Amino acid sequence: MSGQTGFHRVNQAVVIGIGLIGGSLAWGLREWGGVTVCGYDASPETVSRAQSLGVIDYGADSLEAAVHDADAIFLAAPVGVAPAILRELSRLPLKEDCIISDVGSTKGDILRTAASYPSLSTRFIGGHPMAGSHQSGVEAARPHLFENAYYVLAPLPGTPLDRVRRLSDLLERSTRARLVIMDPDHHDRVVGAISHLPHVLAAALVNQVYGYNQTNEWYHRLAAGGFRDLTRVAASDPVMWRDILLSNREPLLDLLDDWTDGMERIRQAILAGRGEAIEAFFRQAKQAREGLPERKKGMIQPSWECFVDLPDRPGGIGEVATRLGEERISIANIGVMESREERPGALRLVFTDQDHWARAKECLKRHGYSVFDPDTDPAG
Ligand SMILES: NC(=O)c1ccc[n+]([C@@H]2O[C@H](COP(=O)([O-])OP(=O)(O)OC[C@H]3O[C@@H](n4cnc5c(N)ncnc54)[C@H](O)[C@@H]3O)[C@@H](O)[C@H]2O)c1
Ligand SMILES: O=C(O)C(=O)C[C@]1(C(=O)O)C=C[C@@H](O)C=C1
């Protein structure tokens, strides 16, 4: 996407909660985003440490002082405290164009909370960088933590397009991540399966083995590469994961039911000595694991793009994102084709692969949008 326009430039950002993720984001905003970053944290020692590490430009000792001059505010405290911070923000005077975003691992809850405050509902755009670590705290922060990772943005349906673009531009430059727009509930189901459920399973496995080890220490002594690889994330922060599970309750309950069913199927196969079923179980997993997309730095992705004619009005981008989200189609990038005067308000949508691109075009046409495909329309 293009750079920021002069009038709405983000000069001043605030990061609330300067731990692993907030610290990494703050550092990138300073280093690559050209933004002055103020840090606020519940722990004053963390603010001092962040300043001495060069993660933030300066610290604030109250939320009100921190956000007063901000063009962008990022919530990076645990998911469980984010609603209370939003409530405080809803009562504070903010700059007219100030954007608020977050980095929380769940999106449905926080967007519903933001939507309930009229003063926040058109400024809040949910965010979630899909990179992290089992470590916590500002000492573990790195400016390049999110490089080449996906970074999900989840706007509310009424969010003005200009605000989403401004945030997306800033984050793309500051994190070098790959920005995607996604429906919040879709995000929570997908991330529940690939992040939240695996954290539960890793912790359960470690706890199970810990129980055996209480009476026989050979369990821990013999724990080798497989056990360690599989359970690295069990060393993650318990408070953060408590909050995530409570915030993504419904999808996780469904996922745990599916997990229990899957375990029962493999249990039955072992019980009945059905070798071919056990082999098929591992064969499918091997193929799927080897087929996971690679995450190489600097990898050039093919561009699957199309354009949608759209009046530039509040809510337009949210409607498109919602239509696509309803059909589980993710947008990899979004922008406005300002130079194509014959098509005012055309949205440029980029998808990660051919399947999402083809389904998106079909979905948008079905909902009455005029879709233009540069590969098949020579006028472009
Ligand atoms: N750790 C990961 O891998 C990862 C990845 C992506 C997103 N996230 C999300 O990022 C957020 C932060 O996670 P983290 O790993 O950086 O945690 P962290 O523990 O490293 O940092 C959290 C920081 O928030 C501060 N804090 C707590 N309550 C606060 C409050 N009321 N006001 C201000 N500051 C407060 C803490 O003092 C701490 O410095 C969470 O919402 C998490 O879901 C984490
Ligand atoms: O790498 C890790 O340790 C992580 O747990 C990172 C991880 C993940 O599950 O992949 C954890 C939580 C997030 O919200 C996003 C990323």
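By class, the shell around ligand 2 holds three nonpolar, six polar and no charged residues, where Ala, Val, Leu, Ile, Met, Phe, Trp, Tyr, Cys and Pro count as nonpolar, Asp, Glu, Lys and Arg as charged, and the others, Gly among them, as polar. This is a predicted model, in which local features need pLDDT of at least 70 and side-chain atom pairs count only at pLDDT 80 or more, while totals for chains, interfaces and linings use all residues. Residues are numbered from 1 along each chain as its sequence is written, with chains lettered from A and ligands numbered from 1 in the order in which they are written.

The shell of ligand 2 is made up of Ser105, Met130, Ala131, Gly132, Ser133, His134, Ser195, Val233 and Ser236 (a residue is near a molecule if its C-beta atom, placed from the backbone, lies within 6 Å of it). Domain 1 (12-183) and domain 2 (188-290) both contribute to this shell, so ligand 2 lies between them. The chain also has a domain 3 (304-372); the bounds come from an automatic or database domain assignment. Between the centres of domain 2 and domain 3, taken over C-alpha atoms, there are 38 Å.

Ligand 1 has 28 residues around it, and Gly17, Gly19, Ile21, Ser105 and Gly132 come nearest. That shell splits into 15 nonpolar, 11 polar and two charged residues. Helix H1 (20-31) and helix H10 (238-247) supply at least two residues each, and H1 gives the most, with three. Helices here are DSSP runs (H or I, at least four residues), numbered from the N terminus. Ligand 1, too, lies between domain 1 and domain 2, because both give residues to its shell.

Now for a helix pair. H7 (residues 184-213) and H11 (residues 249-271) pack at about 55°, with axes 9 Å apart; axes are lines fitted to C-alpha atoms over the stretch in contact, and angles run from 0 to 180 degrees between N-to-C directions. The contact (C-beta atoms, placed from the backbone, within 7 Å) involves Asp188, Arg189, Gly192, Ala193, His196 and Leu197 of H7, and Pro251, Leu252, Leu255 and Trp259 of H11. These residues divide into six nonpolar, two polar and two charged.

Note on methods:
Two residues are in contact if their C-beta atoms, placed from the backbone, lie within 7 Å.
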